[in-house]
Amino acid sequence: MSLLAVLIALFSLLPLGYVVYMTVATGWDTAVELIVRPRVGELLLNTILLTVITIPLCLLLGVGGAWLVERTTLRGRRWWAVALAAPLAIPAFVNSYAWVSAVPSLEGLWSGVLIATLSYFPLVYIPAAATLGRLDPAIEQSAASLGLGPWAVFFRVVVPQLRIAMTGGALLVGLHLLAEYGAFAMIRFDTFTTAIMVQFQSTFNGAAGNMLASVLVVLCLFLLLAEVKSRGTARYARIGSGAQGKTTQLPLGGYQLPAQLSLLALTALAFGLPLWFVLKWVMAGGAEVWEAEEFLPALLQTLLYGAVGAAVTTVVAFPMAYLAVRHPSWFSKLLELSNYVTSSLPGIVVGLAFVTVSIRVVPGVYQTAGVLVAAYVLLFLPRALVNLRSGLAQAPQELDEAAQSLGKAPLVSFFKVTLRLTAPAAAGGAALVFLAIVNELTATLLLAPNGTRTLATEFWSKSSEIDYTGAAPYALLMILLSAPMTYLLFQQSKKVAGQ
């Protein structure tokens with residue numbers, strides 16, 4: 001297991017090694033010339049403004065929605081709990097397509113902020129809601145007994161306990177902002193990812209594109225370090241006698257109607273409007289857009305890549321998870337960290353790494369299905385790893401040892417005990433990887449074999465040609481495939497919170 005985990009970790013560092021190699025190969029003088037130029041400054045300003053505006057908005061909407069659902073007498077709380085997570089079922093580039101359909105003049109920074117905020121605030125809402133659901137209310141009750149009002153209790157007691165959920169959610173939003181291509185390309189808002197894609201299409205792996213990729217990687221690593229630093233060292237677990245008290249729901253009173261209207265407006269803009277325009281374009285296209293020879297190959301290939309990619313990713317993640325749970329050490333943590341660093345890199349950087357390595361080292365595998373699946377594995381390995389680690393932690397090693405003491409061979413006891421107990425967690429991780437592959441666009445555009453048609457690439461091809469009726473069925477199918485996986489993610493978060 002240790003050897004396999006080391007090999008997987010080394011393989012996962014391929015994209016980072018590619019960026020370092022290309023930077024060194026370009027030469028210091030050329031690299032400085034390509035990085036220190038007005039175009040890079042413009043892209044950097046766009047990226048910084050997009051990040052510093054969007055992340056606080058996502059935190060405000062995510063934490064605010066979670067607090068209303070979990071800590072107030074909001075009517076229809078269970079319905080709103082699911083509704084606020086639903087926008088994750090709509091890919092950001094489909095969201096952009098719908099908003100451009102509604103307002104064709106959308107472009108620039110504020111349009112990017114609008115679409116990104118509506119697409120990504122559930123990444124904050126889901127962990128915040130899960131954390132609020134399991135917080136011990138004793139501290140809040142103590143603060144209230146000392147004379148603090150509801151707002152003072154919220155900001156001075158509740159918000160500090162949400163630090164990990166908020167910083168983790170903010171990190172996910174930030175990484176999605178750096179990686180997103182389709183949503184921003186559609187509204188003509190330039191970011192590093194859109195600029196790298198333009199460079200790749202015009203010069204194919206030119207030095208300018210590689211230098212933009214190196215800056216993008218530095219930004220991703222900066223976000224990772226900022227998240228680690230912002231976690232702090234405070235303890236958030238309750239240790240002591242007695243059972244956890246029941247959370248007191250704050251009465252909304254006259255704020256009930258404004259709260260309902262606010263949540264209705266948010267879900268309408270983030271989920272209702274995109275779904276409405278997708279259905280509108282589907283209806284406008286009539287029965288012709290549903291011809292089997294048009295969309296069926298894309299649907300089948302998406303399902304195939306999703307299923308194979310999810311299975312391979314789960315299998316590859318197992319040695320790393322097993323080592324982290326059964327043999328924890330600084331070494332296992334270092335190996336695990338390498339996977340998180342690589343998965344934080346945008347799909348375009350991973351795609352460029354595989355393009356370069358396959359052409360220069362193993363030309364025969366360039367634009368093959370195996371290379372595309374390998375890229376999916378590196379991009380989405382942590383989704384399977386986190387679930388497997390949780391499942392293995394709940395499969396006591398003593399049961400495996402007991403089976404061996406009864407005469408079972410180690411391999412037999414592993415398959416009959418450990419693997420069976422871990423299977424539900426593995427299935428959950430595979431489902432999340434499947435969801436990510438269904439909606440993946442950038443790496444697929446770069447690496448897909450000739451003739452490959454996925455729902456995402458076909459949607460992008462038709463929407464780029466302003467064929468909105470032709471693109472609509474692919475958007476609808478992606479939403480229908482994503483919806484059950486989004487609900488599974490939401491349910492998992494509630495399960496972790498003990499709800």
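In which helix is the place of glycine 17? Glycine 17 sits in helix α2, residues 14–26. Before going on, some ground rules. This is a predicted model, where local features need pLDDT of at least 70 and side-chain atom pairs count only at pLDDT 80 or more, while totals for chains, interfaces and linings use all residues. Residues are numbered from 1 along each chain as its sequence is written, and side-chain values use heavy atoms, with hydrogens and water left out.

The protein chain has 24 helices and 0 strands. Both are DSSP runs numbered from the N terminus: helices are H or I with at least four residues, strands are E with at least two. Of its 499 residues, 53% count as buried. Buried means under 20% relative accessible area, exposed means over 50%, and partly exposed is in between, with a 1.4 Å probe and protein chains only. Contact means heavy atoms within 4.5 Å. Among contacts in the protein chain with a separation of 6 or more, 84% are between residues 24 or more positions apart.

Back to glycine 17. Because its relative accessible area is 38%, glycine 17 is partly exposed. Its C-alpha atom is separated by 8.5 Å from that of alanine 353, which is 336 residues apart from it along the chain.

Glutamate 227 is in helix α14, residues 207–230. Its relative accessibility is 9%, so glutamate 227 counts as buried. Glutamate 227 touches Thr167, Gly168 and Leu171, if we do not count residues up to four places away in sequence. For leucine 171, 56 residues apart from glutamate 227 along the chain, the C-alpha separation is 6.3 Å.

Leucine 488 belongs to helix α24, residues 468–496. With a relative accessible area of 29%, leucine 488 is partly exposed. Leucine 432 is 56 residues apart from leucine 488 in sequence, and the two are 8.3 Å apart in space, C-alpha to C-alpha. Not counting residues up to four places away in sequence, leucine 488 touches Gly428 and Ala431.

For α7, residues 109–120, how many of the 12 residues are buried? The count is 10 of the 12, so α7 is largely enclosed by the rest of the structure. Those buried residues include Leu109, Val113, Ile115 and Tyr120. They pack against α4 (38–71), α6 (92–102), α8 (122–134), α11 (163–179), α12 and α15. The expected span of a helix is 1.5 Å times one less than its number of residues. For α7 that gives 16 Å, and its end C-alpha atoms are 16 Å apart, which agrees.

Helix α15 runs over residues 256–285, and its 30 residues should span 44 Å; the end C-alpha atoms are 41 Å apart, which agrees. At alanine 268, α15 bends by about 45 degrees. That bend is the angle between axes fitted to the seven residues ending there and the seven starting there. After α15 comes glycine 286, with a positive phi near 70 degrees.

Most residues other than glycine have a negative phi. Arginine 188 has a positive phi of about 55 degrees although it is not a glycine. It lies in the loop between α12 (182–186) and α13 (192–203), and at a relative accessible area of 47% arginine 188 is partly exposed. Isoleucine 466 also is not a glycine, and its phi is positive, about 60 degrees. Isoleucine 466 is in the loop between α23 and α24, and at 61% relative accessibility it counts as exposed.

Last, the cavities. A search of the whole structure finds 2 cavities of 30 Å³ or more. On a 1 Å grid over the protein atoms alone, a cavity is a set of points where a 1.4 Å probe fits but cannot get out, and lining residues have an atom within 4 Å of a point. Grid points are joined across faces, edges and corners, and a volume is the space filled by probe spheres set on the points. The largest cavity has a volume of about 50 Å³. Its lining includes Thr302, Tyr305, Thr444 and Thr454. Helices α16 (292–326) and α21 (410–438) each supply at least two of the lining residues.

Threonine 454 lies in the loop between α22 (442–447) and α23 (455–464). At 6% relative accessibility, threonine 454 counts as buried. Leaving aside neighbours within four places in sequence, threonine 454 is in contact with Ala298, Thr302, Tyr305 and Thr444.

Notes:
1 Å grid on protein atoms, 1.4 Å probe; cavity = no way out; pocket = protein on both sides within 12 Å on 5 of 7 lines; lining within 4 Å.
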